[in-house]
Amino acid sequence: MMALAFLSFDLPTLSIQDSVQKSLKIMHSNNMNVISVLDKKQWIGNITEEMLMKAMHPDGKIDQFQHELNQVKIETEEDILASLPHFEESGFRMLPVVNEEGYWQGYLTWESVAKTTFFTGFNTGNGGIIRILFHSQRDSLSTIARIIEENKGMITRTYLTKTDRPEHN
């Protein structure tokens, strides 16, 4: 399930030349907590409402934040489940999707990821999502997979994420 198949174009982007006031107005009117900043079609980064609220020049342009923009994104060829750690870590409700050249393609919303995950069979009687915490030096994903498969289970997707707790990652 590649991200390219789940793109949303309904939400706006900003130009690097847009004003801080216009940016805040767009974010509020669309109930967004982050918005992508583009230079023509080239994705520059993400700007949050918190960043805009701290603007030294409220009448100024977005380019004053050019070196501070958040760089969380996913690529068009990535699986949508690879977006889960990005949503969790950033707290964003949508992630920009870019192609290999860095051109903005659209947004991947957490609602589309949740719906897709829910309706792909994980919630049926024969499926489910298992979250396993393990120690990277002591445990092995291949051992866990072998145990699941020996018990007539099948792993269709996996993703790894780090936690703040050093004993698990």
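Author: Buried means under 20% relative accessible area, exposed means over 50%, and partly exposed lies in between (1.4 Å probe, protein chains only). By that definition, buried residues account for 36% of the 169 residues in the protein chain. This is a predicted model, in which local features need pLDDT of at least 70, side-chain atom pairs count only at pLDDT 80 or more, and totals for chains, interfaces and linings use all residues. Residues are numbered from 1 along each chain as its sequence is written, and side-chain values use heavy atoms, with hydrogens and water left out.

Reader: Which elements does the protein chain have, and in what order do they run?
Author: The protein chain has five helices and six strands, where helices (H or I, at least four residues) and strands (E, at least two) are DSSP runs numbered from the N terminus. From the N terminus the order is β-α-β-β-α-β-α-β-β-α-α.

Reader: How do strand 5 and strand 6 run, and how many bridges join them?
Author: They run antiparallel and are joined by five bridges; two strands pair if DSSP finds at least two bridges between them. Leu95 has Leu108 in strand 6 as its bridge partner.

Reader: Turning to Gln17, where is its place?
Author: Gln17 lies in the loop between strand 1 (14–15) and helix 1 (20–29). Its C-alpha atom is separated by 8.2 Å from that of Asp39, 22 residues apart along the chain.

Reader: Why is Gln17 classed as partly exposed?
Author: Because its relative accessible area is 45%.
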